[in-house]
Amino acid sequence: MLDMSWPWAVFILEWAVRLALLVRVLLQGRPTPVALAWVMLLLFVPFVGLLFYLLIGENRLGSRRARRYHELTEGMDQRIVKLWHHREEDWAATDETWHEISKLATAVSGLPPLKGNALRLINTSEAMLGSLARDIDEASLHCHLLFYIYTTTPACLPVSESLMRAARRGVACRLLVDAVGSRRFLGSRVCHDLRAAGVKVEEAMPANPVRMLFARIDLRNHRKIAVIDGQIAYTGSHNVIDSTFRAGWNRRTGPWVDASVRMTGPAAQVLQIVFLKDWLMDSEEKVDDIEPFIPPIQKKPDQSQVVQVIPSGPGDTAGALQQALLSIIYAAREELIITTPYFVPDDATKHALQAAAVRGVQVTLVMPLEVDSPLVAAASRSHWQDLLESGVRILQYGGGLLHAKTLTADRRIGMIGSANFDARSFWLNFEITLLLYDDDFTSVLRFMQTGYMEHSQEVALVAWRGRSKLKVLAQNTAQLLGPLL
């Protein structure tokens, strides 16, 4: 006779674990939409909901990893600030309009706004790759690169070749790439050749079945940073890819359209510190003295722009980007333009945009017509009717996958970086963002945004209300997963 006791034992055990996790979710005091999404998943999706929570339910970096990170990087920000004070570097005095924003950004990131920078906007992959390769060829001390995606296509080879040449002439070259975003590169011949030439190559946040037991493996290093000799830095949305790169299921997205900044000045050294922290977390190298990586700034007359660097990600800087973004939205008085490939806002961000539009700010969201993630696209579009009814303009860019993550407010303050406007970039990924307190450069950034707008089609509220019930159902269903994406 078949013993029927074991199915009951499994059933009781599974429910006991589910109830324990439900209590854990409620005790953590998460935002209501996130908590509700997990409660529904755990209650109504047996086994699968439990598996999902164990895999991605909490922002676990792994206790060993977190402990090592704090041991190696504790006090590094304070040391660089002391060094700048000793060298009498200029601190920014932003005007009254943006002073509160800079104060908040300093509080959440630990890094102040800095004067004395020179910025150049780069809006094509070819220009970005060529400029980076040339700067590496001029390097004399070190080259530090951190990218989510690093590819080996012919258009990208000049960057790898310039790194190999630099390493062979004695320049210290360090390349950190995300283990998931750059998994093909890590197994490639180019990666082998880089290491053979003396370039130190490490994978950020390794993903493997063993690590799944101790840490959340979909927490990724999504930053894009390059620092040359502690004097020149790049950041923005460009990976080491060419514009023909394709990812995901949708091959119709067209060329990737990105934007990055080449920067000289003290803010470049903040990016240096961010890189070193990430490098120490994933390599076995130790850095006892940061001063060789922070040489005296070679100041030039044209270096006058004010920049504030905001690193964000799980841990100490969780929520830093979102708080800075909200402060800008609420401070805007005339105009707010945002470009992003993925827009899945939390309630606070969505309500801030609606409030801005209602009080008379001209709010414009520019997103790609074709997106490489159908689930994210559906979740994003579930919010459009509420935004449109509040007076927010939504434009769909038809010239490719608009991957630039930018913001301008009142033509006076700008934001550019690696972060999308979604919960993943706010809370889960390691991101890097620049706040730009400069009218002239913000005008340049806005001019690029209006170029995107000219090649976009506007979403009309009447037409959007008339979409099929099936689309409404699919989009609203995807919205339920928005907090978990």
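User: Is aspartate 347 buried, partly exposed or exposed, and where is it found?
Analyst: In this predicted model, aspartate 347 has a relative accessible area of 39%, so it counts as partly exposed, and it is found in helix α14, which covers residues 347–358.

User: How far is its C-alpha atom from that of threonine 32?
Analyst: The two C-alpha atoms are separated by 9.6 Å, although aspartate 347 and threonine 32 are 315 residues apart along the chain.

User: Switching to salt bridges, how many does the structure hold?
Analyst: The structure holds 14 salt bridges, and one of them joins glutamate 285 to arginine 174, with the closest N and O atoms 2.8 Å apart.

User: Where do glutamate 285 and arginine 174 lie?
Analyst: Glutamate 285 lies in the loop between α12 (266–282) and β9 (305–312), while arginine 174 lies in strand β3 (residues 172–178), so the pair ties together parts that are 111 residues apart in sequence.

User: Are those two buried or exposed?
Analyst: Both glutamate 285 and arginine 174 are buried.

User: And what about arginine 446, which residue does it form a salt bridge with?
Analyst: Arginine 446 pairs with glutamate 335, the closest N and O atoms being 2.7 Å apart; arginine 446 sits in helix α18 (residues 439–454) and glutamate 335 in strand β10 (residues 335–339), so far as the chain is concerned 111 residues apart, and both are buried.

User: Now the surface: which residues form the nonpolar patch?
Analyst: Trp6, Val10, Phe47 and Val48 form that patch, with about 420 Å² of accessible area together; among them, tryptophan 6 is found in helix α1 (residues 5–27) and counts as exposed, at 56% relative accessibility.

How values were computed
Residues are numbered from 1 along each chain as its sequence is written. This is a predicted model: local features need pLDDT of at least 70, side-chain atom pairs count only at pLDDT 80 or more; totals for chains, interfaces and linings use all residues. Side-chain values use heavy atoms; hydrogens and water are left out. Helices (H or I, at least four residues) and strands (E, at least two) are DSSP runs, numbered from the N terminus. Buried means under 20% relative accessible area, exposed over 50%, partly exposed in between (1.4 Å probe, protein chains only). Patches are made of residues with over 30% relative accessible area and no salt bridge: like charges are joined within 9 Å, nonpolar side chains (Val, Leu, Ile, Met, Phe, Trp, Tyr) within 5 Å. Accessible areas come from the Shrake-Rupley method with a 1.4 Å probe; for residues, only the protein chains shown count as cover. A salt bridge is a side-chain nitrogen of Lys or Arg within 4 Å of a carboxyl oxygen of Asp or Glu.
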